[in-house]
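I opened my notebook to go through one protein model, piece by piece. Here is what I looked up, in the order I looked.

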Amino acid sequence: MTTSPDPVDGLQAVLDDIRACRACLGQLPHTPRPVVRVFPETRLLICGQAPGRRVHESGLPFTDPSGDRLRQWLGVDYGTFYADPRLGVAAQAFCYPGTAPKGGDYPPPRRCAELWRPQLLAALPHIELTLLVGGYAQVWALGDRAKINMTGTVRAWRDYAPSILPLPHPSWRNTAWLRKNPWFEEEVLPYLRERVAAILAPSSSMHPREGGDPGFS
């Protein structure tokens, strides 16, 4: 008699492989340090672009001002963000890509997503909502369904609900964008907070995601 593989062991094996990955050694201005934080119970997945310098140093996702703004958007506090296993973070690229000469970080290398995302997402069967944070993450996951730019994709957020919600990056660099697009705070954030509250409610139970998220399988 054969037994089915333990899904917890399967996820842990993928995470161990990701954290040991050095595929970009010599191509980055530092030693690779993959940052990913997901659990068998994860139901809300935050898919950003790539860790920044502070996250590279801390080894924890969103330990920077962008994380403070993101937590405000989600309506969760610092402790909940890192303690509740129903909330996970797995960026498109797991390592800090370095800072470009003119400021800002380099784009996330596609190689990382191509190597690891199919395996990782296959090991997370309970995802109900994926947040695509930033234009690179949106283009990677949505493909032809992404609009001409990040603003267009986020404005069309209803087209991707209920399994996917595109968001701008919470970086301070997008403060002017937020001022120019008040509809984001008026329309998208209330929906986001309602979904997050429902997913993280004490009485909520886990169930497998229905269908499949395009670009994630």
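**Strand β3.** I began with β3, which is mostly covered: five of its five residues are buried. Buried means under 20% relative accessible area, exposed means over 50%, and partly exposed lies in between (1.4 Å probe, protein chains only). Strands (E, at least two residues) and helices (H or I, at least four) are DSSP runs, numbered from the N terminus. I then checked both faces of β3. L129, L131 and V133 are buried on one side, and T130 and L132 are buried on the other.

**A note on the source.** This is a predicted model, in which local features need pLDDT of at least 70 and side-chain atom pairs count only at pLDDT 80 or more, while totals for chains, interfaces and linings use all residues. Residues are numbered from 1 along each chain as its sequence is written, and side-chain values use heavy atoms, with hydrogens and water left out.

**Partners of β3.** Which way do β1 and β3 run? They run parallel, joined by four bridges. Two strands pair if DSSP finds at least two bridges between them. C47 stands opposite L132 of β3. I found β4 paired with β3 too, in the parallel sense, over four bridges. There, I164 of β4 is the bridge partner of T130.

**Helix α9.** I moved on to α9, residues 183-199. This helix has 17 residues and reaches 24 Å from its first C-alpha to its last, close to the 24 Å expected. The expected span is 1.5 Å times one less than the number of residues. Where is the kink in α9? I found a kink of about 35 degrees at L189, shortly before the proline P190. The bend at a residue is the angle between axes fitted to the seven residues ending there and the seven starting there.

I listed buried residues of α9, among them W183, F184, L192 and V196. The buried residues of this helix pack against β1, α3, β3, α7, β4 and α8.

**The cores.** A nonpolar core is a set of buried Ala, Val, Leu, Ile, Met, Phe, Trp, Tyr and Cys residues joined through side-chain atoms within 4.5 Å. The largest one has 30 residues, of which I46, L74, F81, L131 and F184 touch the most other members. Its largest share, eight residues, comes from α9. Not counting residues up to four places away in sequence, L74 touches I46, F81, L87, L131, L192, R193 and V196. Contact means heavy atoms within 4.5 Å. A second, separate core of 18 residues includes C21, V36, L120 and I127.

**Cysteines.** How many disulfides does the structure hold? I counted zero. A disulfide is a pair of cysteine sulfur atoms within 2.5 Å. For C21, the nearest cysteine sulfur is that of C112, 6.5 Å away. For C112, the nearest is that of C95, 6.2 Å away. C21 is buried, with a relative accessible area of 17%, and C112 is buried at 11%.

A91 lies in the loop between β2 and α5. Is A91 buried or exposed? It counts as buried, at 9% relative accessibility. Leaving aside neighbours within four places in sequence, A91 is in contact with I46, C47, G48, Q49, A50 and R117. My last stop was H56, in helix α2. H56 counts as buried at 16% relative accessibility. Beyond its neighbours within four places in sequence, H56 is in contact with H30, T31, R33 and Y96.
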